[in-house]
Amino acid sequence: MLLLMYVLLKSVYIPPNIILMELFIETSSLAAVIHKDYTLLPVINRLGVKLGFGDLTIKELCDKECIDVTFFMEIINVFHNESYFSKKKLLDFSVNVVIDYLLKTHKYYLGYVLPEQERLIDLFLTKCINGSKENELIRKFYNKFREEFVNHVQFEEVKVFPYIIKLSETIHIPLQRNDFIDQYRNFTIKGFEKEHGNMDEKMFDLKNIIIKYLPPNYDLNIGNSLLTNLFMFEKDLKNHARIEEKILISKVKQLEKVIKKDE
Ligand SMILES: [Fe+2]
Ligand SMILES: [Fe+2]
């Protein structure tokens with residue numbers, strides 16, 4: 001009997017991460033998807049979708065808005081499931097599609113997330129009376145994070161993304177390969193990969209300081225709003241870094257190998 005139970009259990013074993021993984025499909029209604037996971041709201045905006053889409057399925061909506069439905073599905077599923085990452089599928093997209101999405105994400109961070117965080121931090125600290133030492137610590141840590149983050153984004157936009165776009169263009173124009181190699185003699189994606197800092201880990205440290213060392217008289221509601229904002233940003237940053245490191249950098253390494261073959 002025991003042996004029979006063992007055989008039955010073994011034959012139906014499914015790893016726990018697969019059991020828990022919920023994947024959206026093209027025929028899912030986008031409204032139902034948002035009801036399931038509202039943190040996808042800024043993600044669908046970056047992919048070119050605004051609210052007000054009625055009962056349309058993802059496929060119908062993407063067709064209507066001329067959005068690549070496969071890319072849309074991959075991005076929302078990567079964002080929704082931490083354990084889901086179809087590297088093979090994502091590697092099929094062109095670097096231009098991936099960079100366009102990453103640039104829209106940067107724009108959202110710099111244009112909305114950071115100003116909103118600053119507003120909440122200002123409001124929060126002005127309400128924290130009798131906590132000057134802790135206030136100073138939070139302010140200092142946030143300013144440092146902000147400065148590093150802006151430098152990080154600028155470096156990618158000014159140096160890394162133009163290099164990748166030029167590399168992918170040069171692949172198709174063999175005559176330009178020598179010029180490309182001369183222009184970027186001192187730059188490789190491996191060098192960038194080594195330096196690519198973990199901004200989500202720094203965001204985690206900031207949250208930790210706020211959670212552990214808040215002055216006793218802090219405003220509960222503003223404190224909670226600020227932390228909710230930071231948690232959402234940390235999740236977004238994690239996914240952003242996953243796409244940069246696992247997809248973009250992997251693709252670029254493949255392209256660099258092709259260029260080097262001709263050196
Ligand atoms: Fe980035
Ligand atoms: Fe980055």
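Me: I'm looking at helix 5 and helix 6. Is their crossing left-handed or right-handed?
Reply: Helix 5 goes past helix 6 in a right-handed crossing. Keep in mind that this is a predicted model.

Me: How do I describe a pair like that?
Reply: The general idea is that two packed helices are described by the angle between their axes and the distance between the axes. Here, the axes of helix 5 (residues 58-65) and helix 6 come within 9 Å, and they cross at roughly 130°. Helix 5 and helix 6 are therefore oblique to each other.

Me: Which residues make the contact of helix 5 with helix 6?
Reply: From helix 5 you get Ile58, Lys59 and Cys62, and from helix 6 come Val69, Phe72 and Met73. Sort the residues of this contact by class and you find 5 nonpolar, no polar and 1 charged.

Me: Let me try another pair. At what angle do helix 8 and helix 9 pack?
Reply: Helix 8 (residues 95-127) packs with helix 9 (residues 132-171) at about 165°, and their axes are 11 Å apart. An angle over 145 degrees counts as roughly antiparallel, so helix 8 is roughly antiparallel to helix 9.

Me: And which hand does the crossing of helix 8 and helix 9 have, left or right?
Reply: Helix 8 passes helix 9 in a left-handed crossing. On helix 8, the contact includes Val95, Asn96, Ile99 and His106. On helix 9, Asn135, Ile138, Arg139 and Tyr142 are among the residues taking part. By class, the contact of helix 8 with helix 9 has 13 nonpolar, 4 polar and 3 charged residues.

Me: Now let's zoom out. Into which domains is the protein chain divided?
Reply: There's domain 1, covering 2-84, and domain 2, covering 93-261. Taken over C-alpha atoms, their centres are 25 Å apart.

Me: How many residues does each domain put into the contact?
Reply: Domain 1 supplies 8 residues and domain 2 supplies 10 residues.

Me: Which helices each supply at least two residues of the side of domain 1 that touches domain 2?
Reply: Those are helix 4 (41-46) and helix 6 (69-80). Helix 6 gives the most to that side, with 4 residues.

Me: What classes of residue does the side of domain 1 that touches domain 2 have?
Reply: That side has 5 nonpolar, 1 polar and 2 charged residues.

Terms used
Residues numbered from 1 in each chain as written. Chains lettered and ligands numbered in written order. Predicted model: local features only at pLDDT ≥ 70, side-chain atom pairs only at ≥ 80, totals over all residues. Domains from an automatic or database assignment. Contact = placed C-beta atoms within 7 Å. Nonpolar A, V, L, I, M, F, W, Y, C, P; charged D, E, K, R; others polar. Axes fitted to C-alpha atoms, helices over the stretch in contact; angles between N-to-C directions. Parallel < 35°, antiparallel > 145°, perpendicular 65-115°, else oblique. Left-handed = near helix turned anticlockwise from the far one by under 90°.
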